[in-house]
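Q: I would like to learn how to read the features of a protein model. Please take them one at a time, with the general idea and then the case.

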Amino acid sequence: MTRTGHGTRARRPEAPELVVRRVMAGDRWAAAAGARLVEVRPGYARTTLRLRDVHMNGVEVAQGGAVFTLADYAFAACSNSHGTVAVALDISITFARPATRGLLTAEALEESRTRRTSVCTVRVTDEEGGLVALFRGTAFRKEDPLDAVLAARAARRAGRKRGV
């Protein structure tokens, strides 16, 4: 914190990567699936998911929704990594080969960023480095600062504590 001219303390802005981590920690769906955000930096994110029985479909391979969730989580972190809110506009996924066990890793790389869009490619691989899925996503970049999401979350929690 730093002092302002009026004797009060002002917060130093957090690095966008730290804000992204805090915002992504609120992704309850990814958390329920077991996805973890391992790394995030401007234009890049890496997530992992250890496959469990709950992730298997009827033919005993990783359910497409589990793989998609992992890729989407990496995409979200990557497209939000510059400190402004980004939401998905268009997504496609191609499943290259089935995964049946072990750790899956999704690496998102921002291929293009403009004032209004972020285009990312996400590669989902298995422990041997084999390609499980290729995901491509385009996000709409809003003008809202990402830390406003955290402020709104804190306000909602405070309201619930007060019984509002």
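Q: Setting aside neighbours within four places in sequence, which residues is Met 24 in contact with?
A: Contact means heavy atoms within 4.5 Å. With those neighbours left out, Met 24 is in contact with Leu 37, Tyr 73, Ala 76, Ala 77 and Asn 80. The model is predicted, so local features need pLDDT of at least 70 and side-chain atom pairs pLDDT 80 or more, while totals for chains, interfaces and linings use all residues. Residues are numbered from 1 along each chain as its sequence is written, and side-chain values use heavy atoms, with hydrogens and water left out.

Q: Which residues touch the most other members of the largest nonpolar core?
A: In soluble globular proteins, nonpolar side chains tend to be buried together. A nonpolar core is a set of buried Ala, Val, Leu, Ile, Met, Phe, Trp, Tyr and Cys residues joined through side-chain atoms within 4.5 Å. Buried means under 20% relative accessible area, exposed means over 50%, and partly exposed lies in between (1.4 Å probe, protein chains only). Here the largest core has 38 residues, and Met 24, Leu 104, Val 122 and Val 124 touch the most other members. H3 supplies the largest share of this core, 10 residues.

Q: How many helices and strands does the protein chain have?
A: Helices (H or I, at least four residues) and strands (E, at least two) are DSSP runs, numbered from the N terminus. The protein chain has four helices and eight strands, in the order β-β-α-α-β-β-α-β-β-β-β-α from the N terminus. Of its 164 residues, 40% count as buried.

Q: Where is Asp 126, and is this residue buried or exposed?
A: Asp 126 lies in the loop between strand E7 (117–125) and strand E8 (131–145). Its relative accessible area is 9%, so Asp 126 is buried.

Q: What does the side chain of Asp 126 reach?
A: A polar contact is a pair of N or O atoms within 3.5 Å; within protein, one must be able to donate a hydrogen and the other to accept it, and residues adjacent in sequence count only if both atoms are side-chain atoms. The Asp 126 side chain reaches the backbone nitrogen of Gly 130 at 2.7 Å. Apart from neighbours within four places in sequence, Asp 126 is in contact with Arg 97, Leu 103, Leu 104 and Val 132.

Q: What is the phi of Glu 60?
A: Most residues other than glycine have a negative phi. Glu 60 has a positive value, near 65 degrees. Glu 60 sits in the loop between E4 and H3 and counts as exposed because its relative accessibility is 54%.

Q: Where is Ala 15?
A: Ala 15 is in the loop between strand E2 (9–10) and H1. Its relative accessibility is 31%, so Ala 15 counts as partly exposed. Ala 15 and Ala 151 are 136 residues apart along the chain, and their C-alpha atoms are separated by 16 Å.

Q: How much do residues 24 or more positions apart account for among the contacts in the protein chain with a separation of 6 or more?
A: Such residues account for 63% of those contacts.

Q: What does the C-alpha trace of the protein chain span along its principal axes?
A: The C-alpha trace spans about 65 × 40 × 25 Å along these axes.
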